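Subject: Structure handover

Hello,

Here is the structure you were going to take over. My notes on one strand and one interface follow below it.

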Amino acid sequence: MTRFALPLVAGLLCCTALTNAAFAAKDLVVGVPDNLTTLDPADVNDTLSQSATRTMLQGLFAFDKEMKLIPQLAESFTVNDTATEYTYKLRKGVTFHDGTPFNAQAVKINFDRLSNPANKLKRQSLLAMLAETVVVDDTTITLKLAQPFGALNNNLAHPGAMIHSPKALETYGKEIGRHPVGTGPFKFVSWQADTMVATKNTNYWKPGLPKVDSVTFRSVPENGSRIAMLQTNEAQFVYPLPSEMVPMVEKNPALSIINAPSIIARYVAMNTMKKPFNDVRVRQALNYAIDKNAWTKIVYRGFAGPLPSPLPPKLGFHVPQAEQYTVDLAKAKALLAEAGYPNGFEAEMFGRNNTNFIRGMQFVQQQLSQIGVKITVTPLEAGVETARVWGVEKPEDATVQMQYGGWSASTGDADWGLRPLLWGKGFPPKFFNVAYYKNETVDAAIETGIATADTAKRAEAYRVAQEQIWKDAPWLFLGVENLLAAQVKNLTGLNQVADGGLQIEEADIQ
Amino acid sequence: MLKYLVGRIAGIIPVLLVISVFVFGFVHLLPGDPARLVAGSDASPSDIALVRQDLGLDQPLWVQYGRFLSNAVQGEFGRSMKTKRKVSEEIGSRFLPTLYLTGAAMAWATLAGLLIGVASATKRGRWPDHVGMFVAVSGIAFPSFWLGLLMIDLFSVQLRWLPTSGYGTWQHFVMPSLTLGLGVAAVMARFTRSAFIDIAREDYVRTARAKGVPSRLVVWKHTLRNAMIPIITMVGLQFGFLLGGSIVVETVFSWPGLGRLLVDSVSYRDYTVIQAEILLFSLEFILINLLVDVLYALANPEIRYS
Amino acid sequence: MSTTAPAVTATDTIRSPLAEFWRKFLRRRSAVVAGLCLLLLALAAAAAPWIAPYDPAGFDYDRVLEGPSWAHWAGTDSYGRDIFSRILWGARISLSVGLLSVMLGGIVGIALGLVSGFRGGFIDSLIMRLCDVLLAFPGILLAIGIVAILGPGIENVIYAVAIFSIPVFARLVRGSTLSLKQAVYVDAARAIGVRDRMLMLRHILPGTLPSVIVYVSMRIGTSILTAASLSFIGLGAQPPSPEWGAMLADGRSYIGVASHVTFYPGLAIFITVLAFNLLGDGLRDALDPKLR
């Protein structure tokens, strides 16, 4: 008994100390659904860990809250005509949290580390084209590329290319992911199991920032518990906010809801190589059977928008299609009869086993039952999904008939919204074309789109692709969900970007 | 006694070996490719191949098992596939929270269970017995995640008495340990009651009563002491079960313990962490059983081990 | 009554074991009530297609999350489905999960326990070590593993729950087998040349049943709860199945907004598990020869 009574008492004392301090300080707690994986951004692929590292580390460039490219640790740049040599002027007078000065040498060490495949960093591809980094002087650095690359600054704005203190890299080696040291507005304090704490960087190079004294990321997997934290002011910002909990937050005058359109498309992919989905009339019929407004209302309680084209409206080169699949059961039944299924058919639908997916799948199941199509819903746990859907080697071996899915094109560009999903050469396991959709027009358009930097040509290519895909209907086009988060009303300056990432630098608690 | 102990400890080794094979087979039977899950949702096939090689998953199974076993013998389990942190650190940081929570839950549950059990047994067939048993059994009948969420709504959101979730102060312990201990308290109460009733019929207790020993003394001195043996077994068993970390309670109250780690690592197919964790649970369970047997001998010197 | 035993009064008749069981069981009023409750529930489950006022999968998007009313006794859920009807239909699933999983685990466990206790020696220690391994494996993890390997679905939930009932049954039965093996009537049977299999099935098995029956009744409740926990972590019954645990897990986001969505399925689970446990307590008192 005494053995664990002691820590209890210690914890109690500790708590009193903490609450006393809390009155004076502005401490921001952010409630998030999952644990962070690592705090080395070069080795991270989840938005959540990226958001956490962004409080402490910075790159040469960054995105603002509208996802526009802005310089951060770089002041200016020049590039040669062939886009193979970039020279950056760096910001002066910036120091890392450990006192090491930020300079060209520090950038070189970081970029060489990231670009070297032997380091096996998950974000190596960001700088894979880098041939050589040259330190010109303390505040000037030149990057020489192996092949032309026009969008290097975009890549440098990705969290994966943020700069660690070279001293920290040397000291901690493989453990750098537990000891991030950067130039950002907050300094790393601790990361225990599910809680990461960072404190105000008093020497931050932007005057007047940050305004809060500390920021804490706490992972709270259960939705109800996370929202409860907000209600009791144990957290000031929580995300995601499940749509069914919106009324509860609305009831509380001290809380407000952040509701913004996202770039997350929701759809059901149909395996176009399998009967009966190999018949375009069947796929169109199913699209006509679904009431998209009801989907928005039932699955997201209204917090979602339409998907009037294969690309969501917020993505570049989106073209809304003229003829929409508005619900029309008679037409759906006629199309089914024409295709030889007057009495419908049976099929299985896969999807992830979380609440939203299950709710969406049940909705589609119910809607399709109106035209005699009987769906068996099979929720799959993440690991099982990789085995049954994404890891399948040959299209003939695929067992998937329908897949309730979603996609967020993390680069914000049309290419990444189509190529992984609907390109004829992108069948699993290579990419995620689980509709096994292959159309020559579409393939050609997608390939034209990546091969050129000419905006007009790209727009035309993606217009053609969207039109063809819409007609072929390899998906049931459901909608685009909104990003929902909740916060206390006296919190300002905390932004959630369309890709789901958080920006905390300017956050303040009034 | 010493010989018995040595024999028992030696007997643990084959059981652990079988478990290691079990665990290894189990993680590899789980559908899903850790390399793909670790590499992330938009990784290219070559990225995945790189990760697979990095994690040693391209080796034949028996090589992988051999490495796991030789590492395990040295008490080293490699690095987590997901976080690249040492497995020993990953588990180490979550062991204490689970241990404290288990301790707190067991402490109140055993105490409450004993009290209700004794009260019920001594007033057998009368209303304290019925009420006591009804209350105790009600404790088992709640789905724990529901109870947990209801308590958060009531005590944290409505009344503002307790923090919603997390780990740190004694207030944080109240709701999780209550939820976790409820089932144990019920089992203990019921068990104590029947152990008590059994013992009260034994000859020496009857003799004591017949000799005119005051009934309170009979209860506390003669009966309780002898009822202790089966009760210790039960406490040990329950403790073993709880130490596995309650997945449900730890999730509802975001307790940074082993149960949540296990769920996370199963969903990431983090083989190294799953294997190490299950081996640890099994070892704990076996050691507790051993400890219970030793306590037996101490509580009742008549039990001799040969 | 024999004239040579004048001490025996007329009321002290020798009852058959069954009558004796009933007499003692009926004295435990809570157990009787629990038993009646369960009987009623089983009847309701069986009659669900006829007595449920609505289709359990019938969506009504105009009546979403309505509180209890005359039209919908327990309100409607987030799809506008009638919760009362779903609970009635769900009783079939939840009770089957409880009964089938325990029966399955019980049969395997009893067989193992009988053989283990009767044969002794190497087989005994092998089986018992295997049980140790199974017991040492955290139960819910085993269930997660089984469901992950076999895929989600109510059948696999039943297997998962069944498997971790096995070792407890095996130990229980082994214990009673060991003591019964020494009993005089078993010795006598063996002496007249009854074969081993016969001995186990006809003479020993019935003797182990009282403790098994008690354990079964309690275990059913646990199984229903385990199925609910599996639903909580997303590995339980498949939608739109009205399994109680799935209803409870699905509705948990509405606590504080529309609490009736979880209240009624939660209550159904609570009452059922409570009833099985009270019944078990009553059976124990009635079946235990030591309790008079």
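Please keep in mind that this is a predicted model.

Strand β16 in chain A

Strand β16 of chain A spans residues 402–408, and five of its seven residues are buried. Strand β12 (residues 255–270) of chain A runs antiparallel to β16(A), and seven bridges join the two. Within this pairing, Y267(A) has G405(A) as its bridge partner. Strand β14 (residues 346–352) of chain A is parallel to β16(A), with two bridges between them. M402(A) of β16(A) stands opposite M349(A).

Interface of chains C and B

The contact between chain C and chain B involves 39 residues of chain C and 39 residues of chain B. About 3700 Å² is buried between these chains, and carbon and sulfur atoms give 78% of that area. The rule finds one salt bridge across the interface: the side chains of D281(C) and R190(B) meet at 3.0 Å, N to O. Two residue pairs are in polar contact across the interface of chain C and chain B, both at pLDDT 80 or more.

On the side of chain C that touches chain B, the elements giving two or more residues are α5 (121–136), α6 (139–150), α10 (196–232), α11 (244–251) and α12 (260–287). Of these, α12(C) gives the most, with 13 residues. By class, this side of chain C has 26 nonpolar, six polar and seven charged residues.

Regards

Key
Residues are numbered from 1 along each chain as its sequence is written. Chains are lettered from A and ligands numbered from 1 in the order in which they are written. This is a predicted model: local features need pLDDT of at least 70, side-chain atom pairs count only at pLDDT 80 or more; totals for chains, interfaces and linings use all residues. Side-chain values use heavy atoms; hydrogens and water are left out. Buried means under 20% relative accessible area, exposed over 50%, partly exposed in between (1.4 Å probe, protein chains only). Helices (H or I, at least four residues) and strands (E, at least two) are DSSP runs, numbered from the N terminus. Two strands pair if DSSP finds at least two bridges between them. Contact means heavy atoms within 4.5 Å. Buried area is the accessible area (1.4 Å probe) that two parts lose on being put together, summed over both. A salt bridge is a side-chain nitrogen of Lys or Arg within 4 Å of a carboxyl oxygen of Asp or Glu. A polar contact is a pair of N or O atoms within 3.5 Å; within protein, one must be able to donate a hydrogen and the other to accept it, and residues adjacent in sequence count only if both atoms are side-chain atoms. Ala, Val, Leu, Ile, Met, Phe, Trp, Tyr, Cys and Pro count as nonpolar, Asp, Glu, Lys and Arg as charged, and the others, Gly among them, as polar.
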